[in-house]
Amino acid sequence: MTEPMTRLTESTLDPATAVYDYTIPAGEPWLHELRKGQTLRILDLEGNQAVDTLFYNARDPAERYSAVDTIRAQGSIYLTTGSRLLSTDGNLMLTILADTCGRHDTLGGACAAESNQVRYALEKRPMHNCRDNYLLALAESDYDMGKRDLTSNINFFMNVPVTPEGRLTFEDGISEAGKYVELRAEMDLIVLVSNCPQLNNPCNAYNPTPARMLIWD
Amino acid sequence: MTTDTTETDRIVHFELLPGARSWSFILRRGFALRLADRRGGGNCSALFYNAQDKLERYNMADTLKAQHTACLTKGHVCYSDMGRILVSVVGDSCGWHDTISGVSNAALVRERYGEARYQEHRNAFHRDGRGLFLIELGKWGLGRKDLVANVNFFSKVVVDEAGRMAFIPGHSQPGAQVDLRAEMDTLVVLNTCPHPLDPNPQWSPRPIELTVYRAEPVAEDDICRTSCPENGRGFANTAIYHCQY
C-alpha cells in the first residue's frame with residue numbers, strides 16, 4: 001500500500017528481435033492476440049498519445065480486464081512498472097515490466113460519440129471516437145463480441161489525476177515522444193486498442209498521432 | 001442534505017435488505033429510491049441498467065469525467081454508456097459515495113473474514129459482492145459480461161496526490177441516507193456486502209433500508225440538471241430518448 005507515484009524502468013528488449021512490429025495510424029483501432037509469455041511494448045511515437053486498451057482472456061472473453069479490481073488490489077489508481085493487471089475473475093492477466101512514462105490512467109474510460117455530446121456539445125456526435133473504433137474492430141472480427149464487451153479500459157500515456165477532495169481532472173499528458181510501456185501476458189489474450197482520436201481535450205495534446213506496437217516471444 | 005421525511009402517501013414500497021444480501025428491481029421513471037443506513041457503517045453496492053435495453057448500463061468513466069468527480073453526492077447523476085441519465089442523486093446526508101473500488105469476491109471474503117460455509121452456518125454463511133451481483137444479474141438474463149464497475153453507496157475511499165487509495169472507516173453515520181431518482185425505467189441491482197477495502201476483520205455486514213416513493217416532477221432548476229453544463233446536456237439527451245425534446 002506504499003506504492004510510489006511512478007517507477008521508471010527501461011527495457012532491455014531489442015526492437016530488431018521483435019516478432020511483430022506495427023504502427024497504428026492516428027485514430028485507428030488495433031485488434032490482436034497475445035500468447036501467454038509474450039511481451040507487448042506500446043510506444044508513444046510523437047508524445048502524449050492516449051492508447052485506449054482493453055484485454056480479454058482469449059479462451060473465455062467474458063473474463064476481461066477489471067480496472068477497479070486492479071487498482072484496489074494494488075492500492076493505487078495509477079498503473080506503472082510492477083502493476084499487476086487483474087481480470088474480472090480475479091486472475092492475473094498481465095504484468096507491467098517496463099515503463100518510461102511513469103503513470104497510466106484506468107479511470108477516464110474511452111471516448112464515445114455519446115459521452116462527447118454530454119461533455120462538449122450535443123452537436124459533437126459526428127466526431128470520430130474510441131468506442132466507434134472498438135465497435136467496428138469487434139464487428140469485423142471473428143469474435144462473437146460487441147458493445148457488451150466494452151468495459152473500463154486502460155489509457156496508456158494519459159494523465160487523469162484524482163484530487164484528495166475527490167475531483168477528477170484531465171490534465172496535460174506527462175508522456176513525450178519515445179516513451180513506452182511494456183507488458184508481459186500472463187494468459188492468452190485478445191488485445192483491443194483504439195489509438196484515441198479525441199480532439200476536444202488534452203488527452204492527445206489536441207493532436208492524435210501514431211502508436212507503435214512491438215511483440216517479443 | 002436530506003433531512004425531510006417522505007410523505008407517507010408517496011411511499012409505494014418499503015423493505016429492509018439485511019446485511020450481505022442482494023435485491024434487484026425496476027425503478028420506474030418518476031420514482032425515487034431512498035437507501036438508509038440506520039445503524040451506520042453500512043455499504044450498499046449498486047449497478048444500473050436501462051430496463052428496456054439492458055445493453056445500456058451505468059458507465060463509471062462517463063459518469064466521473066462528465067462531472068469532473070471521482071465520487072457521488074447530491075447534484076450528481078449516474079450516466080449510462082449512451083450519454084443518458086439512469087438515476088440522479090437528489091438527496092444525500094453522506095457527502096461522498098465511492099465509485100472506484102468495485103466489490104469483494106469470494107477469495108477476498110475468505111481471506112479477510114475466514115471461511116463460513118452454508119453447511120456449518122446455514123443462512124449466516126458469508127456472501128461476497130461479486131457472487132451476489134452475479135445471482136441478481138442472472139435473474140434478468142445478465143451475467144459476467146454485464147458486471148461492470150459499480151457504485152458503493154455510504155463508503156468513502158480517498159486518493160492522495162501519489163494515487164494511493166485509502167478507505168475512511170466510520171464515514172456513514174447512523175441514519176445516513178441517499179435518494180436516487182430514476183430518469184428512465186432503471187433496473188437497479190443492489191447488494192449489502194461490506195466494502196472490499198473495509199479493514200474491519202469482524203464480519204458484521206449492515207442492513208440497508210429501501211424506500212421507493214413517487215418523486216416530484218423534475219423542475220427546470222433541478223439541482224442535478226443545473227449542477228454543471230454537462231448534466232444539462234445529459235438531461236436533454238435523456239429527454240430525446242423519451243421523445244420529449
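**Notes on a two-chain predicted model**

1. Let me start with one residue pair: Arg34(B) has Thr211(B) as its bridge partner in β14(B). Helices (H or I, at least four residues) and strands (E, at least two) are DSSP runs, numbered from the N terminus. This is a predicted model, in which local features need pLDDT of at least 70 and side-chain atom pairs count only at pLDDT 80 or more, while totals for chains, interfaces and linings use all residues. Residues are numbered from 1 along each chain as its sequence is written, and chains are lettered from A and ligands numbered from 1 in the order in which they are written.

2. Around that pair, β3 (residues 31-37) and β14 (residues 208-214) of chain B run antiparallel, joined over 6 bridges; two strands pair if DSSP finds at least two bridges between them. Both belong to an open sheet of 6 strands in chain B, ordered β1-β14-β3-β12-β7-β6 with antiparallel pairing. Its edge strands, β1 (11-17) and β6 (77-79) of chain B, each pair on one side only.

3. Chain A has an open antiparallel sheet of 4 strands, in the order β2-β9-β4-β7. At its edges stand β2 (29-34) and β7 (154-156) of chain A, each with a single partner strand, so one side of each has no neighbour in the sheet. Strand β4 (residues 51-57) of chain A pairs with β7(A) in the antiparallel sense over 3 bridges, and Phe156(A) in β7(A) is the bridge partner of Val51(A).

4. Next, a helix of chain A. The buried residues of α3 (residues 130-139) of chain A are Cys130(A), Arg131(A), Asn133(A), Tyr134(A) and Leu138(A); buried means that 20 or more other C-beta atoms, placed from the backbone, lie within 10 Å of the residue's own. They cover an arc of only 155 degrees around the axis, which puts them on the same side of α3(A); the arc is that of the directions from the helix axis to the C-beta atoms. Their cover includes β2, β4 and β9 (189-195) of chain A.

5. Finally, the interface: 43 residues of chain B are in contact with 38 residues of chain A, contact being C-beta atoms, placed from the backbone, that lie within 7 Å. On the chain B side, α1 (60-67), β10 (157-159) and α6 (229-241) each supply at least two residues. The largest share, 6 residues, comes from α1(B).

Notes: Contact = placed C-beta atoms within 7 Å. Buried ≥ 20, exposed ≤ 12 C-beta atoms within 10 Å, placed from the backbone.
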